[in-house]
Amino acid sequence: MCVRQRNRLHLEVAMIKFLLMVNKQGQTRLSKYYEKVDIGKRPALEADVVKGCLSRKKEQCSFVEYKDFKLVYRQYAALFIVVGISDTENELSIYELVHNFVEVLDKYFGHVSELDIMFNLDKVHIILDEMIQNGHIVETNRNRILAPLLALDKMAEAH
Amino acid sequence: MSDVVEKTLSALPSLLSLDSNAGAGKLSSTSKLGNLIRGITELTSKHDEEKLIKKELAAIKEQVASPNTTMRQMKEIMVRAIYCEMLGYQASVSYIHAIKLAQQGSVLEKRLGYLAVSLFLNESDEFLLLLVNTVLKDLQSTNLNEVCMALTAVSQMFPKDMIPAILPIVEEKLTHPKEVIRRKAVLALYKFYLIAPNQVQHIHSKFRKALCDKDPGVMTASLHIYLQLVKESPESYKDLTVSFVTILRQVVGGKLPMDFNYHSVPAPWLQIQLLRILAYLGKEDQGTSEMMYDVLEESLRRAEMNHNITYAILYECVKSIYTVYPKAELLEKAAKCIGNFVLSPKINLKYLGLKALTYVVAQDPNLALPHQMTIIECLDHSDIIIKRATLELLFRITNAQNVTVIVEKMLEFLRQSSNDYSTVDLVGKVAELAEKYSPDNGWFVQTMNSVFSLGGDRMQPDIPNNFLRLLAEGFDSVEEDRQLRLFAVDSYVLLLQGETASLPQCFLQVISWVLGEYAHLRPDQASDPGKVMRLLTRLLDQRHASAQTRRWILSALTKLCSSPVSIALARDVGERYFGSLDTVLRQRAHELMILSQDAGLRGRVLSAEGRLEHVEVDSSLSFLDGHVSEALAAGAAPYKPPHQRQEELAHEKALSLEPYGLSLPVSLSTCSITDRLTDRQSPTRLSISSSVSGNSTELSLKGGSTTLKLDGVKRVWGKEGYLVQQPKEVVEETPLPPTELPSPLGSFQSPVSQTQTASPGPEPDQERQQLASSLFVGVGTHHSVCLMGRTEAAPQRFRRKPKGTGSSSGTSEHSSNSSHSSSGTAAGNTLDSTTAATGQQISQHALGHPPVNGNPIVETPGPLPPVRDGGVAAEIPTGHTDSGTLADPNEDPVPVRPRDLPLISHLPAELSGLARSKLTTLCPGPDPGLALSSCRVYKEDALVLVVFVSNNSDSTLHRVALRFTSKQLEVSCVSGDLVEEVKGHSVATCQYAVVMMRASVDVELAGLVSYQRVPGQPRATPFSLRLSLKHFIRPLTVSTGEYGKMWLSFSHDVKQNLRLITAGDQSPLTATLDTLRDRLHLHVVDIIGSEGIVACRLLRGQPCLLHCRVHADSLAVWLRSPIPEFPDSLLYHCQKALAEA
């Protein structure tokens, strides 16, 4: 039975299950789920995930096993970005995807800060929607990720 | 850059107090959203949070209900609602307004509406139906922003049933001039494919078009669909391999625009995606794999920069190389690559290296050997994740010799681990290893005890079930069975004498069953028959024992009450549970009471000898007929079969009558049988027999089977583990490990070298060295490297002898120590010998040729060995004739045939004046008397394939016919379709006109020649040849004016820089174009200054135009054609032609 389960995992296409932005105090600053999780269960899951990542030391690796999937986390000052991925996903590519995401945010906001994210939660979501859909990476070209948002901004200015 | 982010973020606390900073700039500090955010940042407790959000939700509720709320305000409300939801508080009151906002808002507000909907709603939410009309409207909008956001929303979630409503419009968008719309349309179709694959079945051809889109983004988007499609049925997409390979080659070669780069690595995530697709395509398919070897190697080579992302690509590449059909040279390079990971000081890379190693050792355990010391280090690593990954790796290389050490390491980890999931997983692995490789009884029982105590009640139920089955079924040796059972009984008695509160329920159940069945094996059972019973009774009284466990215990007691002492005990217990509220427990108590009093009955139903014999069960329960009719007469409801009951009581889950796996469904079987009875107070006799059958044997309750269900049950442990297949092992003095196995192919048993190979690296400390030798002992002996196909590792053929060495002390230390003396040598030697064997296999494989002496490959209809492929496509001579001999002696190792001179003279006269290729031998075949050769003749309007059938024997060949099959080529016979007879030592020629239907780089043409040597006995031989696009290209003679007109009308274009050729006094442009013209049959229309225009056409097909401009020291080429695949494929040949020049 174990064996069968493993095989099934290998057949599964690698995917991202969620992306979280959490600060050192464990407060969620952004969450996006690509697999259904009841809203009531999210805070507990997030707390658990944050606990798993915060307890790790700098010299330990950036990947954590969590239940039947993996977490990839990356720290930017007081902010953690944590991505839950399936077992078959390539951890390092997700680790770099996180950085790409931060670079995109940097490009858009100047130097992005936690406050930028809080005050522009909607825009960060719009950016994320361009990058990840249904748990798959759909765009990584920075210019193209930002294009739809910039077009909207332009319209807003014109008004 | 990240430093900068870090600095900015670290300055946050001070920024938070300022209202006028950049991030908050646009929001007034007094806005409601601003207030909420401020409130959230100031939260100190969960209680505060709840208060704040409750208040916020109330405010939102009030605001959305107000008719005066503008869309602009609504937009802000949505963000606030998103915040509430993010913190875990449902803001359901805003859902309908989110949909409204998407419907009625201006573009900006609309986007927010869509965003809120995607965050608030689930795929199955009925609210989504309300969005369909909005989506429909926006898809048709003239504002591209609106189209864009509608497509984004659709590709995130859309009600499955409504797909047909918008599908045509989405399809239409696939041809939209804007790349972003096309890209998003593809992603929307991908979503449709995910939720309703059959709805988009009819547009697969459009996916292909998207794959060939001139925009890399659209192509990338289509790969998501292809990854899924290829994963589900690789067979249907083999023909796309060339395309994926070409795309990957272009990406790797840096042909994408600069902004696709990430840290100067070209589109890394795209590369990873392509590598995954290739892995699926090449898996277990030699022909397809061969197409991708080059590009895989190139990926390995290119990814040399020291950046995380290149390592991410490398990892994927290594995985693909080890997934596709193996190629020795490539495997070696990939293995070397893993070394870079594992040895890296960066912890993330080390982790990935271990993961890669885990993946590859499944194919070849030898690969772990060079990294022994690193693996040992990782085993003691302070990072638990690294440790865990290392154990996963060790699990894959476990064999009978290192099992004790590896299992010990795993148990050690389990004792420290607190992660439920990994505990369950690892416990399963330990149990699996123990069953497979256990060296002796004592170790096995001890290990399983640890498994049960550590795994607890979370572990997979099949672990205890399998264990009990092993004990019950036994093996071939009666004595062996007795010993194992006794071991278990003794260890359990010991356990029960100690503290039992910490033992998990499932372990207690296992203990009860085993004691019930086998306690009689104990020598002291006769003298003190009450001992075991007392222990069990004590357990029964303990509060932590669950009702389920108590049932098991009562069943055990029933089996044990054979002596007067125990009968008294049994009666005592029975009386206590006689009135239990738990029905099953009560029933067991009844059974216990009655059986303990009636020794005769007990002897009949629980005879010690009969326990494992087949229990005859009257599955029709005919003996109950009287009882049933009585009950019916008394007004009881008639019996209904389970399915009927289930239908009727849909809400109430009926008891499952299926045996639980192959376990021992004690309670279930009992329940189900009693359940069948109309009267719950069933006759005691029946329920006893049922309980017995459930307890001591496995009984299939369905289908009326009355025998023990043992056939088909795989015995994982036992026979192999206990049967000593070798005569006495002579371990002590011999330097050779006793486990040396002959190579699996049997023919390469190289003499084992006597010299020891030193382990790599500097001398590590003694302890680790020892650990290494015990961990890696035997790796590489049992599992053979199998390059010829990915077969399972050879089954364990040798086992440590259980009794001689291990059973007396029965500890893992003993066995691992005993192997120390020889194990170092063993590892070294085995490494040596297996690599030697591997080398030979490789060389044989690389030659790829069937031995001439027999073993004709023709019998297998698979693709032919690849040797000749290179030869076929090798060159197009521009001269008119050539010698007709084969240039490359390697090309055809088959003995010389009389084909050299005479063959070309058989070329039909009408073709003799035309340009043609060299002769190529097609197949050696099993029949030395028949030889096929072919030659391509380039006619202006056709490619003629001339096949020479030479009969080299004395007898005549009859009814020689050729048949070709190819998806991409159209082959029509010009002459010689069926040759009635070919006399001895003569040659027949057949001509075929070949047309390439769709431009592709090169294609395989498979053929079959059938003939009769003896009339009435047809024989057939397959052959294949490779045709390349360049064989089908002909010059297109157009004027500059016509060229200009055509150029503007063609829609598919590709741009690329090619290398310039310098030759003598010609200008580089002229020299390069001339080379292309000569090699590819192009027509140079004009050369003006630094620009040149060139034209060609596909035979009977469309044209392709090239516009070339010298740019610095390269040639910028721009290709255009009305068909999408042509420019890509032609470009490939241009590159190749210039590279060869």
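Visitor: Thanks! At roughly what angle do the axes of helix H5 and helix H6 of chain A cross?

Guide: Before the answer, a reminder that this is a predicted model. The axes of H5 (residues 121-131) and H6 (residues 142-158) of chain A cross at roughly 145° and come within 8 Å.

Visitor: Is that crossing of H5(A) and H6(A) left-handed or right-handed?

Guide: Right-handed, for H5(A) and H6(A).

Visitor: And which residues make the contact?

Guide: From H5(A) you have A:Lys123, A:Ile126, A:Ile127, A:Glu130 and A:Met131. H6(A) brings A:Ile145, A:Leu146, A:Pro148, A:Leu149 and A:Asp153. By class, the residues of this contact between H5(A) and H6(A) are seven nonpolar and three charged, with no polar ones.

Visitor: What about helix H3 of chain A, how does its axis cross that of H6(A)?

Guide: H3 of chain A covers residues 91-109, and its axis crosses that of H6(A) at roughly 35°, coming within 10 Å. The crossing of H3(A) and H6(A) is right-handed.

Visitor: Which residues make that contact?

Guide: On H3(A), they are A:Asn100, A:Glu103, A:Val104, A:Lys107 and A:Tyr108. On H6(A), they are A:Arg142, A:Asn143, A:Ile145, A:Leu146, A:Leu149, A:Leu150 and A:Asp153. The contact of H3(A) with H6(A) divides into six nonpolar, two polar and four charged residues.

Visitor: Changing topic to the two chains: how many residues of chain B are in contact with chain A?

Guide: 97 residues of chain B, and they touch 82 residues of chain A.

Visitor: How much area do chain B and chain A bury between them?

Guide: About 7,800 Å², with 58% of it on carbon and sulfur atoms.

Visitor: How many salt bridges go across that interface?

Guide: The rule finds nine between chain B and chain A. Among the salt bridges of the model is the one where the side chains of A:Glu65 and B:Arg388 meet, at 3.6 Å from N to O. There are also 29 residue pairs in polar contact between chain B and chain A, both at pLDDT 80 or more. The side of chain B that touches chain A has 47 nonpolar, 29 polar and 21 charged residues.

Visitor: And how many salt bridges over all chains?

Guide: The count comes to 55. One salt bridge joins the side chains of B:Lys46 and B:Glu49, at 3.0 Å from N to O.

Visitor: Why are B:Lys46 and B:Glu49 separated by about one helical turn?

Guide: Because B:Lys46 and B:Glu49 are three residues apart in helix H4 (residues 46-65) of chain B.

Technical notes:
Residues numbered from 1 in each chain as written. Chains lettered and ligands numbered in written order. Predicted model: local features only at pLDDT ≥ 70, side-chain atom pairs only at ≥ 80, totals over all residues. Heavy atoms only, no water. Contact = heavy atoms within 4.5 Å. Buried area = accessible area lost by both parts, 1.4 Å probe. Salt bridge = Lys/Arg side-chain N within 4 Å of Asp/Glu carboxyl O. Polar contact = N/O pair within 3.5 Å; in protein donor to acceptor, adjacent residues only side chain to side chain. Nonpolar A, V, L, I, M, F, W, Y, C, P; charged D, E, K, R; others polar. Axes fitted to C-alpha atoms, helices over the stretch in contact; angles between N-to-C directions. Helix = DSSP H or I, 4+ residues; strand = E, 2+ residues; numbered from the N terminus. Left-handed = near helix turned anticlockwise from the far one by under 90°.
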